[in-house]
Amino acid sequence: MTKNELLNAKLKQYLIEYFKDLGVKSPEINLEKPALSEHGDITSNSSLKYAKELGKNPFVIANGAIDYLKAKEIAEIADVKFAAPGYINFYLNSKYVEDILRDVIALGNKYGNNDLFKGEKWVIEHTSPNPNKAMHLGHLRNNLIGMSITRLLEFCGAEVVCDSVDNNRGIAIAKLMWGFLVHMKKNDRAQTSVEYWHSHREEWYNPDDINQLPDVFVTNCYVMGATDFKNDSSVEKIVRDIVVKWENNDILIRELWAHVLKYSYEGINRTLNRVGNRWDKTWHEHEHYQKGKEYVELGLTSSIFTRLEDGAILTNLTDYNLPDTILLKKDGTSLYITQDIALTAMKKELYKANKLVWVIGPEQSMAMKQLFAVCEQLGVGKLNDFTHVSYGYVGLKTDTGFKKMSSRDGTVVLIDDVIDNAKNKILEGPLKDRNVDEAIELAEKLSLAAVKFSLLKVERTQDVAFDVEKATEMQGDTGVYILYTYARINSILRKASLAGFAIEPQAVDTANDIVKKLALFGVVVIRSVESFSAHHIAQFLLQLCSDFNSWYNREIILDGSMDQPHKLAAAKAVSQVIKNGLVLLGIDVVEKM
RNA sequence: GCACCCAUAGUUCAAUGGAUAGAACACCAGCCUUCUAAGCUGGUUAUGUAGGUUCGAUUCCUACUGGGUGUACCA
């Protein structure tokens with residue numbers, strides 16, 4: 001435990017004792033940071049909370065508590081004061097500030113962590129892209145949420161597995177295969193047939209030939225294939241035939257399938273590596289799509305489910321107050337939920353996990369509830385083991401307001417396009433006179449920080465109006481602002497190191513407000529992990545940087561004064577906390593910019 | 001129709017039931033002979049409507065208005 005945590009625990013303990021003596025059975029004390037510094041450093045509203053239960057005036061209760069606490073003579077407390085109507089406000093001294101700095105510097109990368117989830121194993125399913133479409137900003141938000149939750153849970157002691165589902169079969173993939181076969185021929189001599197393709201592969205383009213990224217190439221194939229499918233009934237027949245042949249393990253079809261999917265995976269992995277994705281396992285649909293049927297049969301024999309007249313199988317979810325859903329089609333084929341039941345069981349079995357999380361958009365909310373209920377009915381797991389982490393839409397900010405992205409309107413914004421856009425702006429703007437290689441590397445990091453931060457700073461369930469121009473601007477509440485502050489501190493520390501200046505926390509009165517903020521980082525981490533929303537971290541970093549920059553402009557750090565070692569320690573601690581926060585957000589720091 | 005999600009400044013976003021609702025962008029006025037001006041300082045602007053619970057409500061409950069999503073054999 002840090003000294004700050006020890007102090008909080010001590011204060012809490014004393015207050016619990018006090019309220020128990022007054023007659024509260026099991027008092028719950030919360031200590032908060034007051035909004036205004038004149039209200040002290042820590043405050044408690046417990047006197048207000050228990051005034052009614054005790055039948056006493058909060059003024060009397062609070063002042064009693066203050067006398068009780070003063071008698072304990074706690075070293076870090078400079079004063080305890082009453083504030084109307086019943087607050088107890090603690091004022092901390094500079095010894096406390098020194099303690100915080102020593103904590104941060106001693107713990108380094110571990111500062112802010114905890115054991116909240118120690119011994120627990122979590123599985124986070126996130127970012128399951130369609131193989132037939134390039135990923136857009138919605139996928140990016142999913143990825144950033146999934147990965148930030150992963151890091152937060154690990155920071156809080158959990159063991160975490162990340163996985164994803166690859167929906168690599170079915171009619172959509174068949175359309176993609178058709179689109180490739182008919183529209184990516186180098187010339188008309190080539191016949192549009194799988195047999196011909198198989199023996200004349202060089203007559204088809206690959207993405208490099210036409211200078212397209214693999215995911216864009218795949219999207220184009222799919223869009224053209226889907227259009228043909230819709231407009232031409234003979235194509236529809238062929239595409240459906242491809243599905244049947246695939247199911248029957250037709251060798252040539254399977255080769256074409258593997259060929260186009262190779263491009264898909266290249267595209268997906270390229271983008272996801274760029275943004276820092278991690279998957280420990282990917283579940284490929286073709287490997288498990290038949291397995292769910294056994295579970296449905298099981299539920300049928302134990303009368304959990306019912307068979308309809310036409311042969312389809314239906315849930316019974318009245319106990320869960322949910323609408324029923326079909327688990328197996330009348331022709332005996334499976335649906336998404338059928339496969340998800342099997343997947344959930346396989347995950348439980350493979351990982352021996354306590355908690356399963358699905359990071360999936362809000363439109364799947366009911367389907368998720370149904371899945372969880374059915375899994376509980378089948379004994380796969382308990383409702384409490386399952387969590388759907390939903391998130392708001394990423395739309396575009398337009399002149400007329402928020403607008404959902406739509407592929408039909410051509411308003412889908414691809415992840416790589418946004419990052420590249422930001423990168424080019426930086427290269428043409430602030431970095432235009434720099435050494436080229438260095439500038440490109442820096443611009444990549446800054447643009448990633450800008451785009452990631454613009455999504456991560458928003459509370460998870462809120463819709464985000466993504467402004468392509470604003471997200472690539474580098475001023476104000478942005479990731480670049482955080483990185484700039486970090487680099488700025490680094491520059492000072494570098495200078496101090498070259499000059500051999502001492503870095504040493506002291507009990508003095510400078511930069512105290514900033515240092516006291518550092519003590520709250522651990523609380524912010526807990527708030528983030530409990531709400532599955534990293535935006536608390538992002539907002540905290542913005543405030544911290546703002547505080548630091550104000551101090552920086554007010555006071556010179558390397559002033560050669562008696563306080564200089566302490567100031568340097570404060571600067572170092574701030575940079576450490578910025579770094580720890582950014583690591584949780586998945587943003588790389590830059591040492592210099 | 002029913003269910004779920006959302007509503008804060010001109011705009012984009014904050015605010016574990018707490019004290020005077022915070023930032024940023026934009027606009028205006030200032031600050032580089034001093035550690036990185038991608039920065040700092042100052043100025044104008046907001047809780048959709050009506051009730052309820054509470055010592056206290058942007059936060060919880062109810063109704064309404066407005067926007068979004070979903071609603072069984074698609075993926």
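**The surface near RNA strand B**

Guide: Helix α18 (479-499) gives the most to the surface near RNA strand B, namely nine residues. A residue is near a molecule or strand if its C-beta atom, placed from the backbone, lies within 6 Å of it. This is a predicted model, in which local features need pLDDT of at least 70 and side-chain atom pairs count only at pLDDT 80 or more, while totals for chains, interfaces and linings use all residues. Residues are numbered from 1 along each chain as its sequence is written, and chains are lettered from A and ligands numbered from 1 in the order in which they are written.

There are 78 residues around RNA strand B, and Ile326, Lys329, Glu459, Gly476 and Ser491 come nearest. The elements that give two or more residues to this surface include α2 (46-54), β4, α14 (365-377), α18 and α21 (535-554). Helices (H or I, at least four residues) and strands (E, at least two) are DSSP runs, numbered from the N terminus. By residue type, the surface divides into 39 nonpolar, 22 polar and 17 charged. Here Ala, Val, Leu, Ile, Met, Phe, Trp, Tyr, Cys and Pro count as nonpolar, Asp, Glu, Lys and Arg as charged, and the others, Gly among them, as polar.

The 20 residues of α21 should span 28 Å at 1.5 Å a residue, and its end C-alpha atoms are 29 Å apart, which agrees; the expected span is 1.5 Å times one less than the number of residues. The buried residues of α21 include His535, Phe540, Leu544 and Phe548. A residue is buried if 20 or more other C-beta atoms lie within 10 Å of its own, exposed if 12 or fewer, and partly exposed in between. What covers the buried residues of α21 includes α18, together with α16 (436-456), α19 (512-518), α20 (521-531) and α22 (564-585).

For α14, 13 residues should span 18 Å, and the end C-alpha atoms are 19 Å apart, which agrees. Gln370, Leu371, Phe372, Ala373, Val374 and Cys375 are buried in this helix. The buried residues of α14 pack against α13 (336-351) and β12 (386-389). Just after α14, glycine 379 takes a positive phi of about 80°.

Strand β4 belongs to an open sheet of four strands in the order β1-β2-β4-β3, with antiparallel pairing. β1 (31-32) and β3 (77-83) stand at the edges, each with a single partner strand, so one side of each is left without a neighbour in the sheet. Two strands pair if DSSP finds at least two bridges between them; three bridges join β2 (residues 42-44) to β4 (residues 87-92). Threonine 43 has asparagine 89 as its bridge partner in β4.

Chain A is divided into domain 1 (3-92), domain 2 (121-169 + 289-391) and domain 3 (171-283), with bounds from an automatic or database domain assignment. The centres of domain 1 and domain 3, taken over C-alpha atoms, are separated by 67 Å. The C-alpha atoms of chain A fill a box of roughly 90 × 70 × 45 Å, taken along the principal axes.

Terms used:
Two residues are in contact if their C-beta atoms, placed from the backbone, lie within 7 Å.
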